[in-house]
Amino acid sequence: MTDGFAPAGAWRADVIQDFARSELFDRTFQEGMDLVEETAGYLDGSGRQESKLLSRNAALAYAGESMRLTTRLMQVASWLLVQRAVREGDMPPEGACEDRYRLGAEDVCRGATTEDLPAGLLALLDRSERLYERVRHLDRRMYIEDTTVEIPNPVLSQFDRLQAAFGR
């Protein structure tokens, strides 16, 4: 402890471990992996057929958005797999704080073009964007936000009380 502040490392490690062991993690992990599987099935199946029926401009938009979709889902899946590694003891919580394990590609993953795209792709884009935003929120809360906790100085606290009681 220095300057009246406690290091955030211990607090952050506890938060990471608590999340990795939570029901919220279980649900988010299952949703993410199910969406990855569903998306792969769509893009290899009915999505491929639907894309062949699109105009040239819509086909270009489809290609771009399917790339955004897969990038978004790979970012989420990677992040979730890191959290699972923490849960299973394969990675220490502090290791998960490294930039290379963090949710990335935000500039690519956010936003979408929905012009003349098939309903199946639009639904997957919407669901993946909502999932990405939830994971982004968790990522920021767990890894980015300043978690330095100020520890009150007991001498200064007493001094402040005396000043309040007897005036300055």
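Reader: What lies 3.4 Å from the backbone nitrogen of leucine 24?
Author: A polar atom in the side chain of serine 22 lies at that distance. A polar contact here is a pair of N or O atoms within 3.5 Å; within protein, one must be able to donate a hydrogen and the other to accept it, and residues adjacent in sequence count only if both atoms are side-chain atoms.

Reader: What kind of model is this?
Author: It is a predicted model, in which local features need pLDDT of at least 70 and side-chain atom pairs count only at pLDDT 80 or more, while totals for chains, interfaces and linings use all residues. Residues are numbered from 1 along each chain as its sequence is written, and side-chain values use heavy atoms, with hydrogens and water left out.

Reader: Where is serine 22, and is it buried or exposed?
Author: Serine 22 sits in the loop between α1 and α2. It is buried, because its relative accessible area is 18%; buried means under 20%, exposed over 50%, and partly exposed in between, with a 1.4 Å probe and protein chains only.

Reader: How many helices and strands are there?
Author: The protein chain has seven helices and two strands. From the N terminus, their order is β-α-α-α-α-α-α-β-α. Helices (H or I, at least four residues) and strands (E, at least two) are DSSP runs, numbered from the N terminus.

Reader: Which residues have the most contacts inside the largest nonpolar core?
Author: They are Trp79, Leu121 and Met142, in a core of 32 residues. Helices α1 (8-20), α2 (23-44), α4 (56-87) and α6 (119-144) each supply at least two of its residues, and α4 gives the most, with 10. Such a core is a set of buried Ala, Val, Leu, Ile, Met, Phe, Trp, Tyr and Cys residues joined through side-chain atoms within 4.5 Å.

Reader: What does leucine 121 touch?
Author: Setting aside residues up to four places away in sequence, leucine 121 touches Tyr42, Leu43, Tyr62, Glu65 and Leu69. Contact means heavy atoms within 4.5 Å.

Reader: At what angle do α4 and α6 pack?
Author: The angle is about 35°, and the axes are 9 Å apart. Axes are lines fitted to C-alpha atoms, for helices over the stretch in contact, and angles run from 0 to 180 degrees between N-to-C directions. Residues making this contact include Trp79 of α4 and Leu121 of α6.

Reader: And how do α2 and α4 pack?
Author: Their angle is about 145°, with axes 10 Å apart. Among the residues in contact are Phe29 of α2 and Leu73 of α4.

Reader: Switching to tyrosine 143: where is it, and is it buried or exposed?
Author: Tyrosine 143 is in helix α6. With a relative accessible area of 8%, it is buried.

Reader: Which residues are in contact with tyrosine 143, beyond four places in sequence?
Author: They are Arg12, Ile16, Trp79, Gln83, Ala96, Cys97 and Arg102. The side chains of tyrosine 143 and glutamine 83 are joined by a polar contact of 2.8 Å.

Reader: How far is tyrosine 143 from aspartate 99 in space?
Author: They are 9.4 Å apart, C-alpha to C-alpha, although 44 residues separate them in sequence.

Reader: What is the phi of alanine 105?
Author: Alanine 105 has a positive phi of about 55°, although it is not a glycine. This residue lies in the loop between α4 and α5 (106-109). Alanine 105 is partly exposed, with a relative accessible area of 28%.

Reader: Lastly, what share of the protein chain counts as buried?
Author: Of its 168 residues, 34% do.
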